[in-house]
Amino acid sequence: MKLASRAEKLKPSATLLITAKAKALKAEGIDVVGFGAGEPDFDTPENIKEEAIKSINNGFTKYTAVGGIDELKTAIINRIKEDYGIQYEKSEIIVSCGAKHTLYNLSQVIFEEGDEVIIPSPYWVSYPEQVILAGATPVIIEASEENGFKIDPDELKKLITPKTKALIINYPSNPTGATYNEEDLKIIAEIALNAGLIIISDEIYDKILYDGITHTPIATLGEDVKKSTILVNGVSKSYSMTGWRIGYSAGDKKITSAMSNLQGQSTSNPTSISQMAALEAFRGSQDEVKKMAKEFEARKNYIAKRLNDMPGFRCFNPQGAFYVFPNISYFFGKSCNGKQIKNSTDFTEYLLEEAKVAVVPGIEFGSDKHIRISYATSMDEIKKGVDRIEEAVGKLK
């Protein structure tokens, strides 16, 4: 039975595959330290869980409006306004089944064959795949390690053609942990506006920032920028609600309406119970969000220092999110027990086999010189995993 050509082009999510492999080994009784998952290890805050239970008991278990209930849209609008001073209308908000679903819907309604979409590398694994699924062409711009994993404005200008439809930015970044400040964003916004581009701004890690750094949504830089920007966010990372599957976008009414129409013909509404939980997340106390961010910062400080103290590693100090993206190219050409390291995939396989530590190869994010390590796990697990990594790389000659 023949598959559609778009299905044959699809690659499985590397992060999900690594996580599944680590879980399978654990199920066999093997002690594996999992650094692959892109989800907080904290439980969902109690007030949010209680609101979900209350909604079940109250019978809020039926279909809702396709694009989310009005109360949740209002809560999103109020949260954005309170946090960043941006004002949106309900017609500019759509709630979907996670930020990934939001981005997929967005790609489907604005991209088509012949379009080009600029994506900074290292990138989150699904950006290029979603662009390809929409029939468009991803155009990769390197955000180099030497430049703090930020894109070079001159290189951005060179890549823009009459076919360029949009620019995707993600900050703080998965996988690098880098972010952009206001001055960086002003330059990017000016280039995008002059070229008539749509700016897709994935800000899912906006509340997980370190060392006193603050987040600036690109849509705050003026009304013209706001009109050209689709802001994407959700509850998964900041509120530790990955499994609840609630994401949203804020932006152009016409695009939002088209996304709603697509959603109505695919998933229909996001889960009713999850919407009520998200409502409490946005409206309730934000104290737990700050506590989680503080704990992530302590973990970041530990793991970045440990890796940089190891011979052969070069690790960028993350400014946000919960990943480190160390450069491991020093180990290319080295070997242990007949296993030679030629690339990030080899290095990842070596760590899993030799150290029982699961990480994600950087090639999946567009950089074969790196690996991604998630520190969204306990400090005890982090210490154990880093100790194992140090022992394993010490065997490479």
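A word on the model before the close-ups. This is a predicted model, in which local features need pLDDT of at least 70, side-chain atom pairs count only at pLDDT 80 or more, and totals for chains, interfaces and linings use all residues. Residues are numbered from 1 along each chain as its sequence is written, and side-chain values use heavy atoms, with hydrogens and water left out.

**View 1. Helix α4 and what its buried residues pack against.** Helices (H or I, at least four residues) and strands (E, at least two) are DSSP runs, numbered from the N terminus. Helix α4 covers residues 70-84, and its end C-alpha atoms sit 21 Å apart. That agrees with the 21 Å its 15 residues should span at 1.5 Å a residue, the expected span being 1.5 Å times one less than the number of residues. L72, K73, A75, I76, I77, R79 and I80 are the buried residues of α4; buried means under 20% relative accessible area, with a 1.4 Å probe and protein chains only. An α-helix has 3.6 residues a turn, so residues three or four places apart point the same way. The buried residues of α4 pack against β2 (93-96), β8 (247-250) and α11 (272-283).

**View 2. T176 in the loop between β5 and α8.** T176 counts as buried because its relative accessibility is 2%. Its side chain makes a polar contact of 3.0 Å with the side chain of S173; a polar contact is a pair of N or O atoms within 3.5 Å, and within protein one must be able to donate a hydrogen and the other to accept it, while residues adjacent in sequence count only if both atoms are side-chain atoms. A polar atom of the T176 side chain also lies 3.1 Å from the backbone nitrogen of A178. Leaving aside neighbours within four places in sequence, T176 is in contact (heavy atoms within 4.5 Å) with P122, F149, F316, P318, Y323 and F325.

**View 3. D115 in the loop between α5 and β3.** Helix α5 spans 99-110. D115 is buried, at a relative accessible area of 12%. A polar atom of the D115 side chain lies 2.9 Å from the backbone nitrogen of E112. Neighbours within four places in sequence aside, D115 touches I110, A136, T137, K163 and K165.

How values were computed: Buried means under 20% relative accessible area, exposed over 50%, partly exposed in between (1.4 Å probe, protein chains only).
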